[in-house]
Amino acid sequence: MHDDQLGLESWNKLATDLATAVREVTAVALGAAGTDERGRAVQVLGALSRQAREILPAIRAALKRAALWDDDEQVRALAVETLTQAGEWSRPAIAEHVQALNDADAATRFSAAQALGERGEESQSAVGLLLQKALRDPDGGVRLEAAMALYKIDGHAEKILPMLIKALQDPDEVRRWIAADCLGEIGPTAHEAVPALHALLQQQFKSPLIRASVALALEKIEAAP
């Protein structure tokens, strides 16, 4: 099949244009002077992320099927190369994420903690530094994400529950939301946080979506095992 039959040139240009647009919208969300403009950029990123959650798994699944089972060796090799370029089989080394935990930028430290948590047991070497960040990082969001990463790495919720429960009283609404979300992800094991979550639901929220997220976390924890 020829490239023009699949429109590959057009698709490649579309992919390039989309990547450029995402970088531009991200820059607006992070640094635009106007509140309305930043808000619209955040909404666009939210819409893109929802679409990505649906599209990326399908892309990875198709590429994996091609890499493993396509009848043509050339197609299999191309699928493996594409997966590697996309980061499916070639992810940043743990050491890179550990180094990023000490970055001056809080958002970079947050992303590093999140990435280490997603790697699970593979990130055992980062446990010591993550514990330091969970206890003493100057940014509350980083402390929460580091605590959650510890749970994802070793599965011991008892070490981080006090941190998360305390964070439910943080003056910052978003940090309270992140803490509740983490507790919801832990599930019934976080039962000791139920009174604090009920108390949190009695508070005022600027965003009804955050209230709904807290309620969902409570539902997950109170769900029957």
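Against which helices do the buried residues of α10 pack? In this predicted model, the buried residues of α10 pack against the helices gathered in the table below, whose residue ranges are given alongside their names.

| Helix packed against by the buried residues of α10 | Residue range |
|---|---|
| α6 | residues 106-118 |
| α8 | residues 140-154 |
| α9 | residues 161-167 |
| α11 | residues 194-201 |
| α12 | residues 208-222 |

**The chain as a whole**

The chain contains 12 helices and 0 strands, so that, by the DSSP assignment of runs, its elements read α-α-α-α-α-α-α-α-α-α-α-α from the N terminus on. Taken along the principal axes, the box filled by its C-alpha atoms is roughly 65 × 40 × 40 Å. Of the 225 residues of the chain, 33% count as buried, and, among contacts with a separation of 6 or more, 50% are made by residues 24 or more positions apart.

**Helix α10**

Helix α10 covers residues 173-186, which is 14 residues, and it reaches 20 Å from its first C-alpha to its last, close to the 20 Å expected at 1.5 Å a residue. Its buried residues are E173, R176, I178, A179, A180, C182, L183, G184 and I186, and it is these that pack against the helices of the table. At the start of α10, a side-chain oxygen of D172 comes to within 2.9 Å of the backbone nitrogen of V174, while just after the helix G187 adopts a positive phi of about 85 degrees.

**The pair α6 and α8**

Two of the helices in the table, α6 and α8, also pack with each other, at an angle of about 10 degrees and with their axes 8 Å apart. Because angles under 35 degrees count as roughly parallel, α6 is described as roughly parallel to α8. On the α6 side the contact is formed by A106, R109, F110, A113, Q114, L116, G117 and E118, which meet G141, V142, E145, A146, A149, K152 and I153 in α8. The residues of this contact divide into 8 nonpolar, 3 polar and 4 charged.

**Residue Q99**

Is Q99 buried or exposed? Q99, which lies in helix α5 (residues 94-100), is exposed, because its relative accessible area is 62% and exposed means over 50%. The C-alpha atom of Q99 is separated by 9.0 Å from that of R109, which is 10 residues apart from Q99 along the chain; R109 is also among the α6 residues that meet α8.

Definitions and conventions: Residues numbered from 1 in each chain as written. Predicted model: local features only at pLDDT ≥ 70, side-chain atom pairs only at ≥ 80, totals over all residues. Heavy atoms only, no water. Helix = DSSP H or I, 4+ residues; strand = E, 2+ residues; numbered from the N terminus. Expected span 1.5 Å × (residues − 1). Buried < 20%, exposed > 50% of the residue type's maximum accessible area, 1.4 Å probe, protein only. Contact = heavy atoms within 4.5 Å. Polar contact = N/O pair within 3.5 Å; in protein donor to acceptor, adjacent residues only side chain to side chain. Axes fitted to C-alpha atoms, helices over the stretch in contact; angles between N-to-C directions. Parallel < 35°, antiparallel > 145°, perpendicular 65-115°, else oblique. Nonpolar A, V, L, I, M, F, W, Y, C, P; charged D, E, K, R; others polar.
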